Amino acid sequence: MTPEKLERARCITEAVIHEVLDDIVFDKILVTPDTERYDDDDDLDYLEIRAIYEGERERLRRRTLKIRRVLRNRLLDEGITEFPVLYFTMKSEWDQHPDPA
């Protein structure tokens, strides 16, 4: 995946997440190619999407199914065929080091 295509996927992902979950505050949304998930049998490439949000998990219930469908369709409309794999993580549970400045 080229850097330009990855940036386009990131922009689309952020837009869709903010549209569908407009009442939730996201600390960061990370979009990276998921090369470890690649499987010769299904011949798909994947995008790993980590959405770090503030608040409680209950606010996301039953709303993430719609976002997955909308995101997949929007990416395909833009020619991005990598399959998005979404992870939602509460900020209080995010244990990664901060991004370097």
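**View 1. The crossing of helix 1 and helix 2 is right-handed, a term used when the near helix is turned clockwise from the far one by less than a right angle.** The structure is a predicted model, in which local features need pLDDT of at least 70 and side-chain atom pairs count only at pLDDT 80 or more, while totals for chains, interfaces and linings use all residues. Residues are numbered from 1 along each chain as its sequence is written, and side-chain values use heavy atoms, with hydrogens and water left out. Helices (H or I, at least four residues) and strands (E, at least two) are DSSP runs, numbered from the N terminus. Helix 1 (residues 3-20) packs against helix 2 (residues 64-77) at an angle of about 145°, and their axes are 10 Å apart; axes are lines fitted to C-alpha atoms, for helices over the stretch in contact, and angles run from 0 to 180 degrees between N-to-C directions.

**View 2. Residues of helix 1 meet residues of helix 2.** Contact here means heavy atoms within 4.5 Å, and on the helix 1 side Ala9, Ile12, Thr13, Val16, Ile17, Glu19 and Val20 take part, facing Lys66, Ile67, Val70, Leu71, Arg74 and Leu75 of helix 2.

**View 3. Three strands form an open sheet of mixed pairing, in the order 1-2-3.** Two strands pair if DSSP finds at least two bridges between them. Strand 1 (26-33) and strand 3 (83-90) are the edge strands, each pairing on one side only. Strand 1 runs antiparallel to strand 2 (residues 46-53), to which 7 bridges join it, and Val31 has Ile49 as its bridge partner in strand 2. Strand 2 and strand 3, by contrast, run parallel and are joined by 8 bridges; the partner of Ala51 in strand 3 is Phe88.

**View 4. Helix 1 lies across strand 1, strand 2 and strand 3.** Its direction is at about 145° to strand 1. Helix 2 also packs on the sheet, where it touches strand 2 and strand 3, and its direction makes about 140° with that of strand 3. Because 6 of the 8 residues of strand 3 are buried, this strand is largely enclosed by the rest of the structure; buried means under 20% relative accessible area (1.4 Å probe, protein chains only).

**View 5. Helix 2 has buried residues, namely Thr64, Ile67, Val70, Leu71, Arg72 and Leu75.** The cover over these buried residues includes helix 1, strand 2 and strand 3. After helix 2 comes Gly79, which has a positive phi, near 80°.

Terms used: Buried < 20%, exposed > 50% of the residue type's maximum accessible area, 1.4 Å probe, protein only.
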